[in-house]
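Please keep the sequence and the structure in view while reading.

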Amino acid sequence: MPRVIAISNRTAADPSARAGGLAVALWDALRASGGLWVGWTGNLVDEPPRSAQWSQDEGVEFLLTDLTRAEYDAYYIGYANRTIWPVFHYRIDLAHFDSAYFDAYAAVNQRIANMVASKAQPDDLVWVHDYHFLLMADCLRRAGVGGPIGFFLHIPFPAPEIFQALPQHDWIARALSAYDVIGLQSEHDRVNLTRYLTEVCGGVETADGRIEVFGNLIRVKAYPIGIDPAAFEEAANSPEATEAATRLGRFLGGRDLVLGVDRMDYTKGLPERFAAVGQFFDAHPEFAGKVSVTQIAPPSRSKVEEYQDLRQQLDELAGRINADYSDLDWIPLRYLARPYSRDELAGLYRIARVGLVTPLRDGMNLVAKEFVTAQRPEDPGVLILSEFAGAAEQLPSALLVNPHDTQQMAEAIHQALIMPLDERQKRWKAAREVIEATDLTWWREAFLDDLRAVAKTPAKAALRAVAAKAG
Ligand code: ADQ
């Protein structure tokens, strides 16, 4: 079995980061192949680090680097989070375009590629993760890495017209073409990238479904990321889950719970969701005192000022709705900005009658899958899901909504609350089956199978040999 090298901004070098989800899936693949995980330590330093930090745990090697404060500001906060993140989520209006950000981004990609090259063997499979490292394959090739390199983008890939707003879109596209496999969350994203590479860059789709562009051959494919349903069900049955559910249940006092759980981020559609909650109580006064909405949204990337604005906006909206509708013994909308553990969240999903997952754009959105998984089959809650989350392609049995349509969302909340048990069960079962069939292990192996196949593709091997010769 070839060794897997994973590259991601944050790794699971700290055992506490191996608690669930993606980290566990990657960890298992790395452990099985005696792999290597490369990324950032999470530490900031003043001077450029002289060397990378190597460690080993359970047969998995880690090669990590500190970032300088300047790199952190320009590469991480700057290009990754203030440029790529908004543009890829269709928010050009929030993007900062600063060529110094891009220079730092390219430099950090190259620095980490050089670290990888110092350890890579010809047979290794390199698997790069997410928007921090769009340029990584190109940097790795420059550093002499010749083996198969795959990339998985966890966030959406935007429509070509949006992507072209990035001043460096051409540079990024050429760098992307150095990957052998590019994985996206949804068919929608796959079509976007394919359209860009063919219509804008002159690429051609080959008979076997790959794209030939800039002299390279890439497989561009959707691999919708999943969860580990058995592990999540276990979380929903844990003592922490039961304790959290009991505590919230005390507050609810028998009322129905409508629950939202997100990182606080402008892509998650929280102001729009709050507006829909207000409209729901407006249109359906009979539910006053009978339903409580709880939104959990701890701050993330709080250094970026857009997030601080969002926090303020949410505080104001929640304040207004509660002032309008609260009564002596009832608060319609609670907004909790503190974090809860995975087990606690699982317990809360389980007692919710309605799950509100209404991002304006989302690569996949795993909260949607976790919410469904935590439900009790005999009395499942209803998922209200944005049509702009990648998960919508896989979960058409949810109540799909346009998060910009306040009235439609308000009506979906009503529909979910009055939905008969047999319909809830039918919709839940259909969603649960998809989540089971395309779980996290399926996702990982589907991607790695395609990456392994690259090594065996004669045309690709020949191309690489020529490239290596050319230096
Ligand atoms: P995120 O934007 O973080 O991830 P999401 O998929 O919703 O979005 O959540 C990832 C994980 O974080 C889930 O396991 C979820 O339970 C957890 N989480 C979310 N909100 C939380 C909260 N308030 N407290 C504690 N945990 C919370 C990016 C992309 C997504 C994509 C994932 C995985 O933006 O579109 O689904 O990566 O590829």
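A polar contact is taken here as a pair of N or O atoms within 3.5 Å. The model is predicted, and the distances that follow should be read with that in mind. An oxygen atom of the ligand lies 3.1 Å from an N or O atom in the side chain of Lys 268, which places this pair within the cut-off of 3.5 Å. Two further pairs involve the backbone of the protein: a nitrogen atom of the ligand is 3.0 Å from a polar backbone atom of Asp 262, and an oxygen atom of the ligand is 3.0 Å from a polar backbone atom of Gly 363. The ligand taken alone exposes 690 Å², and 79% of that area is buried by the protein.

## The shell around the ligand

The ligand is surrounded by 19 residues, of which His 154, Arg 263, Asp 362, Leu 366 and Glu 370 are the closest. By residue class, the shell is made up of ten nonpolar, four polar and five charged residues. Helix H13, which spans residues 366-374, provides the largest share of the shell, namely three residues.

The chain is divided into domain 1, which covers 4-226 + 440-470, and domain 2, which covers 229-437.

The centres of the two domains, taken over C-alpha atoms, are separated by 32 Å. In the contact between the domains, 26 residues of domain 1 meet 22 residues of domain 2. The area buried between domain 1 and domain 2 is about 1800 Å², and carbon and sulfur atoms give 58% of this area.

## Positive phi values in two loops

Tyr 90, although it is not a glycine, has a positive phi of about 70 degrees; this residue is located in the loop between helix H2 (69-88) and helix H3 (99-117). Phe 214, also a residue other than glycine, has a positive phi near 50 degrees, and its place is in the loop that runs between strand S9 (211-213) and strand S10 (216-222).

How values were computed:
Residues numbered from 1 in each chain as written. Predicted model: local features only at pLDDT ≥ 70, side-chain atom pairs only at ≥ 80, totals over all residues. Heavy atoms only, no water. Near = heavy atom within 4 Å. Polar contact = N/O pair within 3.5 Å; in protein donor to acceptor, adjacent residues only side chain to side chain. Areas by Shrake-Rupley, 256 points an atom, 1.4 Å probe, with all protein chains shown as cover. Helix = DSSP H or I, 4+ residues; strand = E, 2+ residues; numbered from the N terminus. Nonpolar A, V, L, I, M, F, W, Y, C, P; charged D, E, K, R; others polar. Domains from an automatic or database assignment. Contact = heavy atoms within 4.5 Å. Buried area = accessible area lost by both parts, 1.4 Å probe.
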